[in-house]
Amino acid sequence: RRERLVAFARQKLSQQLIRVGASPAEIRATEEILNPEALTICFARRFATYKRATLLFRNPDRLAQILNHPNRPVQIIFAGKAHPNDHQGKLLIQQICRMASQERFRYKIVFIEDYDMCVARYLVQGVDVWLNTPLPPLEASGTSGMKAAANGVLNISMLDGWWAEGALLDGGWTIGRG
């Protein structure tokens, strides 16, 4: 399933670049994005500030070490959209795209636009870990994480939303103490 996800992500990223008028070389580079053998973490949902999508970027040097480990490669797929009137949510997406464009994160961090049921299907079937970092107690439910868990994906989450009970099932890890 990860191979299908990687092929799908490459296609989506290529389409995104074509739409914004990227060069042919940039579009061809999508053929190298993501590694079908790497541990794949996903953060996909509506982008709102309380969900803290950029929490992983607090220590970019440490993140670069993890993502570029020669024997245990890791990659992160972000997907989602902000509410049209949520300017702060849009800024989070811009920050992710800027980080993804840095040389040390290139091909290791990607952002897939227009998170919908089709994108979700590939993600929940193809990733290894679903990341959820909301600021408690603001997570209403976390249905994407539930769908991922139903597909055998491990969760790593704050004790908020559904994970407050889901953590009892040993389907992943908890960040903090709740």
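Student: What makes Trp 162 count as buried or exposed?

Tutor: The model is a predicted one. A residue counts as buried under 20% relative accessible area. Trp 162 has 16% relative accessibility, so it counts as buried.

Student: How do you know on which side of the cut-off Trp 163 falls?

Tutor: The relative accessibility of Trp 163 is 2%, so Trp 163 counts as buried.

Student: What makes the ring pair of Trp 162 and Trp 163 stacked or edge-to-face?

Tutor: Rings pair if their centres lie within 6.5 Å, and planes over 60 degrees apart count as edge-to-face. The ring centres of Trp 162 and Trp 163 are 5.3 Å apart and the planes stand at 75°, so this is an edge-to-face pair.

Student: How many aromatic pairs does this rule give?

Tutor: The count comes to six aromatic pairs. In one of them, Phe 47 and Phe 111 have ring centres 5.7 Å apart and planes at 65°, so that pair is edge-to-face.

Student: Why is the pair of Phe 47 and Phe 111 said to tie together parts that are apart in sequence?

Tutor: Phe 47 belongs to the loop between β1 and α3, whereas Phe 111 belongs to strand β3, so the pair ties together parts 64 residues apart in sequence. Both Phe 47 and Phe 111 are buried.

Student: Which residues are linked into a cluster by ring pairs?

Tutor: The cluster comprises Phe 43, Phe 47, Phe 57, Phe 78 and Phe 111. Of these, Phe 78 stands opposite Phe 111 in β3.

Student: Why is strand β2 described as largely enclosed by the rest of the structure?

Tutor: Strand β2 covers residues 74-81, and seven of its eight residues are buried, so the rest of the structure largely encloses it.

Student: What makes β2 a paired strand, and in which sense does it pair with β1?

Tutor: Two strands pair if there are at least two bridges between them. β1 (residues 39-46) and β2 have eight bridges, in the parallel sense. Within that pairing, Gly 80 in β2 is the bridge partner of Arg 45. β2 also pairs with β3 (residues 109-112), over four bridges and in the parallel sense.

Student: Which helices belong to the β-α-β units that contain β2?

Tutor: Helix α3 (residues 60-67) forms a right-handed unit with β1 and β2. Helix α4 (residues 87-101) forms a right-handed unit with β2 and β3.

Student: How do you know that β1 and β4 pair, and over how many bridges?

Tutor: At least two bridges are needed. β1 and β4 have two bridges, in the parallel sense, and Cys 42 stands opposite Trp 130 in β4. On β4 there are also four bridges to strand β5 (residues 154-158), and these two strands run parallel. Val 129 stands opposite Leu 154 in β5. The chain passes from β4 through α6 to β5 in a right-handed β-α-β crossover.

Student: Which way do the side chains of β4 point?

Tutor: In a regular strand, side chains alternate between the two faces of the sheet. Val 129 and Leu 131 point one way from β4, Trp 130 and Asn 132 point the other way, and all are buried.

Student: What makes the backbone of Asp 170 worth a remark?

Tutor: Most residues other than glycine have a negative phi. Asp 170 is not a glycine, and its phi is positive, near 60°. Asp 170 lies in the loop between α7 (163-166) and β6 (172-175). Exposed means over 50% relative accessible area. Asp 170 has 70% relative accessibility, so it counts as exposed. Arg 52, likewise not a glycine, has a positive phi of about 50° and lies in the loop between β1 and α3.

Student: What joins Pro 136 and Pro 137?

Tutor: Most peptide bonds are trans. The bond joining Pro 136 and Pro 137 is cis, with omega about 5°. Pro 137 is in the loop between β4 (129-132) and α6 (143-150).

Student: What is the volume of the largest pocket, and which classes of residue make up its lining?

Tutor: The volume of the largest pocket is about 560 Å³. Among its 17 lining residues, Leu 13, Leu 17, Ile 33, Ala 100 and Ser 101 are the closest to its centre. The lining has eleven nonpolar, three polar and three charged residues.

Note on methods: Residues are numbered from 1 along each chain as its sequence is written. This is a predicted model: local features need pLDDT of at least 70, side-chain atom pairs count only at pLDDT 80 or more; totals for chains, interfaces and linings use all residues. Side-chain values use heavy atoms; hydrogens and water are left out. Buried means under 20% relative accessible area, exposed over 50%, partly exposed in between (1.4 Å probe, protein chains only). A crossover is right-handed if, with the strands pointing away from the viewer, the path from the first strand over the helix to the second runs clockwise. On a 1 Å grid over the protein atoms alone, a cavity is a set of points where a 1.4 Å probe fits but cannot get out, and a pocket is an open set with protein on both sides within 12 Å along at least five of seven lines; lining residues have an atom within 4 Å of a point. Grid points are joined across faces, edges and corners, and a volume is the space filled by probe spheres set on the points. Ala, Val, Leu, Ile, Met, Phe, Trp, Tyr, Cys and Pro count as nonpolar, Asp, Glu, Lys and Arg as charged, and the others, Gly among them, as polar. Rings of Phe, Tyr and Trp (its six-membered ring) pair if their centres lie within 6.5 Å; planes under 30 degrees apart count as stacked, over 60 as edge-to-face and the rest as tilted.
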